[in-house]
Amino acid sequence: MIEVSGPGSAPARKVVVSIGCVDQALETLLFARVRAPTGCKVLNDSFARMTSALGGDWNSGLHVVVAQSMIRRFASDGGTLVGWQIDYDLDALGFAEGAKQLRQGVRSDIPLSTQGSADSTSVITVNVVELTDH
């Protein structure tokens with residue numbers, strides 16, 4: 001994740017710049033760069049550079065909507081999200097309600113919907129294994 005502001009007078013916020021999925025044997029199924037929103041100014045990219053060893057142009061990569069779609073597809077095919085502090089990742093991907101539920105201790109049927117989703121009756125959900133719980 002990196003911290004950006006903008007476009008315009010939009011407040012500072014964290015955005016995702018990469019997404020990865022692995023299987024049970026930790027074999028990489030998907031890794032993709034996600035570009036920063038158009039017109040944003042990067043305020044802090046130290047986490048992405050130091051922790052993920054990412055660098056370079058934050059304006060290259062997939063649009064966040066594509067990353068959201070890939071995670072929803074992964075979940076609809078029975079995938080489970082596993083990791084540390086997944087609530088931050090869900091927040092950065094725009095899944096605010098799912099992030100909120102994780103912070104409340106919910107681990108099953110986490111909604112993968114974004115603000116302004118057209119049809120709330122067809123929300124895809126996912127189960128989560130939060131490694132900080134163990």
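Predicted model: local features only at pLDDT ≥ 70, side-chain atom pairs only at ≥ 80, totals over all residues.
**Backbone geometry**

Most residues other than glycine have a negative phi, and most peptide bonds are trans. The peptide bond from G6 to P7 is cis, its omega being near 0°. P7 lies in the loop that runs between β1 (2-5) and β2 (13-15).

Q85 and D109 are not glycines, yet each has a positive phi. The table gives their values.

| Residue | Phi |
|---|---|
| Q85 | positive, about 50° |
| D109 | positive, about 55° |

Q85 is placed in the loop between β6 (80-83) and α3 (86-93). D109 belongs to the loop between α4 (96-103) and β7 (110-111).

**The sheet**

Strands of a sheet pair through backbone hydrogen bonds, either parallel or antiparallel. Here an open sheet is formed by three strands in the order β6-β8-β7, with mixed pairing. The edges are taken by β6 and β7; each has a single partner strand, so one side of each is left without a neighbour in the sheet.

β7 and β8 (residues 125-130) run antiparallel and are joined by two bridges. Within this pair, P111 stands opposite T125 of β8.

Note on methods
Residues numbered from 1 in each chain as written. Heavy atoms only, no water. Helix = DSSP H or I, 4+ residues; strand = E, 2+ residues; numbered from the N terminus. Pairing = 2+ DSSP bridges.
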